[in-house]
Amino acid sequence: MEHKAGFVNIVGNPNVGKSTLMNALVGERLSIITSKAQTTRHRILGIVNGDDFQMVLSDTPGIMKPAYKLQESMMDFVKNAFEDADCILYMVELGEKELKNEDFEKRLTFAEVPVIVLINKIDKGDENQLSEALSHWKERLPNAEIFAISALENFGVPQLLNRIIELLPVSPAYYPKDALTDKPERFFVNESIREKILIHYKKEIPYSVEIDTEEFFEDENIIRIRSVIMVERETQKGIIIGHKGTAVKRVGVEARKDLEKFFGKQVHLELYVKVNKNWRSDEKQLRRFGYKGDNK
């Protein structure tokens, strides 16, 4: 039987549903999903396996104009996604007309691999809006295929999956067939904690936070985890902890419940809060947290 395999990279503006789509295709919550922009910081691989195919999906940060070194690194992940794709999924939401980076639009226009434009969130509009969107993107990117989907409602996602499989090149698998992602367990611990912070804290706080899981010990019946929530300023530390520690306790309880579902066993999670000044603009710190040199 002929086997297909390839890298399928999802790009688009912030908050259009890229992470929701990847989780729907993979069947697991690998990427954070919140209503806030810039939720995805890393390039996260999710692997979909079949008897005769392997699809390596890449969820990337939303396209933006970088304001500091962390965001520059995030945009490097997007650039790499354009360069090593066997198929590019460019996602927009219904009513969206522009890509926030002209260079990326040129890359889509002149891409040497198949490009699929995904008009997402069609459940939030009507037929006239969808017809207008289809016409707009056919004119804007004439070489691309166009799919109308709702990643959240799983509308159009099975058809999209079948089409991507058709477009994959003939190749042996890149990863073991039982693999779900290329990321280690600690990465998903960090992301689960960061997701709760994005949900429960406002303004700049979530974007000033990085998580470092210092200990991860797995026994037969329980996983024991010690993670540090890093912030940039002392005032942020107090906000994260909250009155008598209630705020950080809520983060820990909710993250622990999600991690128990993810790992399928009991989890003991300890959280600490530390100040790591200006880590978002420090090249050494960014490398430490995996934002530099993390190409695939």
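**Note on salt bridges and a helix pair**

1. Glutamate 191 and arginine 194 form a salt bridge, and their closest N and O atoms are 3.1 Å apart. Keep in mind that this is a predicted model. Both residues belong to helix H6 (residues 185-200). They sit three residues apart there, so about one helical turn separates them.

2. Is this pair buried or exposed? Glutamate 191 has 7% relative accessibility, so it counts as buried. Arginine 194 is buried too, with a relative accessible area of 2%. The cut-off for buried is under 20%.

3. Why can such pairs form? Side chains of opposite charge can pair when their charged atoms come close. How many salt bridges does the whole structure hold? A search finds eleven.

4. Next, look at the strands. Glutamate 214 forms a salt bridge with arginine 226, with 3.2 Å between the closest N and O atoms. Glutamate 214 lies in strand S7 (residues 210-218), and arginine 226 lies in strand S8 (residues 222-231). The pair therefore ties together parts that are twelve residues apart in sequence. Glutamate 214 is partly exposed, at a relative accessible area of 33%. Arginine 226 also counts as partly exposed, at 24% relative accessibility.

5. Which residue does glutamate 218 meet? Its partner is lysine 265, and the N to O distance is 3.1 Å. Glutamate 218 is in strand S7, while lysine 265 is in the loop between H8 and strand S9 (266-275). The two are 47 residues apart, and the pair links distant parts of the chain. Glutamate 218 is partly exposed, with a relative accessible area of 45%.

6. Some salt bridges are joined up. Glu145, Arg163 and Glu166 are linked in a network of salt bridges. Find these three residues in the structure and view them together.

7. Now turn to a helix pair. Two packed helices are described by the angle between their axes and the distance between the axes. For helix H7 (residues 234-241) and helix H8 (residues 246-263), the axes come within 5 Å. They cross at roughly 65°.

8. Which residues make the contact between H7 and H8? From H7 come Ile239, Ile240 and Ile241. They meet Thr246, Ala247 and Val248 in H8. The residues of this contact divide into five nonpolar, one polar and no charged.

Notes
Residues numbered from 1 in each chain as written. Predicted model: local features only at pLDDT ≥ 70, side-chain atom pairs only at ≥ 80, totals over all residues. Heavy atoms only, no water. Axes fitted to C-alpha atoms, helices over the stretch in contact; angles between N-to-C directions. Helix = DSSP H or I, 4+ residues; strand = E, 2+ residues; numbered from the N terminus. Contact = heavy atoms within 4.5 Å. Nonpolar A, V, L, I, M, F, W, Y, C, P; charged D, E, K, R; others polar. Salt bridge = Lys/Arg side-chain N within 4 Å of Asp/Glu carboxyl O. Buried < 20%, exposed > 50% of the residue type's maximum accessible area, 1.4 Å probe, protein only.
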